[in-house]
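Good morning, everyone, and thank you for making time for this.

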Amino acid sequence: MRKCSPCWIKNQVGLVSGNSWRAQMQMDDVRTALSNAGSEDEFSEISRQVQLERWNRQVTFCSLCSATLQPHAEEEIAKECSGCGHVHYPPVSPCIIVLVKRGEYCLLAHAAKFNAKRYSTLAGFIEPGETAEQAVIREVKEEVGVDVCNIRYMGSQSWPFPHALMLGFFADYESGEIVPDGVEILEADWFHRNALPDIPAPVSISRRLIDTFVAGKESFSG
């Protein structure tokens, strides 16, 4: 595995402050670095360093009293307020990512942020008060108009856009016709497991969901 020091990651993804177009370039560089990761460990280390660098650069004042933050004396990744003493930690936002199955077909979508031909699984942030399973049902319905059932957890992966923890699920199609929301999702369709479009890199959790399905390691239903 390539050694992922903070300096190496900064050189790879251009982590410097700047205006909006520069920030977009940085995001694209991060995506490229993640896509080129040679292992899950390398992927996780890139995600960790990107999130910590961004948090250390952007979060410098206390959100409670506005005093300056300083490094915590004992906690490596924490900051302590110089005014009120409140301890701040880097945020982690839970998200769901789900592969919807219908027999030997899976539902893949083309998002507005994707490259021209890229399709992937559906994903979204978990809202306050929701369980992960409830978020799966809501996000699928909101993004493509389909109802799902039989939700099963597969695994998780860190994702630094901006600080997500992706919780991966399989779900079975229950009812409804595909209707993309036209904002986040521009196109969506059912694809046979032996005839897939351009999909994400192998190290990503979306690809792991797809590969598991293609390999027949998930039982078919519907």
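This is a predicted model: local features need pLDDT of at least 70, side-chain atom pairs count only at pLDDT 80 or more; totals for chains, interfaces and linings use all residues.

Let me begin with a question: does Phe191 count as buried or exposed? Phe191 counts as buried, because its relative accessibility is 15%, where buried means under 20% relative accessible area, exposed means over 50% and partly exposed lies in between, with a 1.4 Å probe and protein chains only. Residues are numbered from 1 along each chain as its sequence is written, and side-chain values use heavy atoms, with hydrogens and water left out.

Now to the rings. A pair of aromatic rings is described by the distance of the centres and the angle of the planes. Rings of Phe, Tyr and Trp (for Trp, the six-membered ring) pair if their centres lie within 6.5 Å, and planes under 30 degrees apart count as stacked, over 60 as edge-to-face and the rest as tilted. The structure holds five aromatic pairs, and one of them joins Tyr119 and Phe191, edge-to-face, with 5.2 Å from centre to centre and 70° between the planes. Tyr119 lies in the loop between strand S5 (105–111) and strand S6 (122–125), whereas Phe191 belongs to strand S9 (residues 185–192), so this pair ties together parts that are 72 residues apart in sequence. Strands here are DSSP runs of E, at least two residues long, numbered from the N terminus. Tyr119 is also buried, with a relative accessible area of 12%.

Tyr153 and Phe169 are edge-to-face as well, because their ring centres are 5.6 Å apart and their planes stand at 70°. Tyr153 is in strand S7 (residues 147–159) and Phe169 in strand S8 (residues 164–175), so the pair links parts 16 residues apart in sequence. Phe169 counts as buried, at 3% relative accessibility.

Phe43, Trp159 and Phe161 form one aromatic cluster, and the charged end of Arg31 sits over the ring of Phe161, 4.2 Å from its centre. A charge sits over a ring if NZ of Lys or CZ of Arg is within 6 Å of the ring centre and within 35 degrees of the ring normal. Arg102, in turn, lies over the face of Tyr173, at 3.9 Å from the ring centre.

How values were computed
Helices (H or I, at least four residues) and strands (E, at least two) are DSSP runs, numbered from the N terminus.
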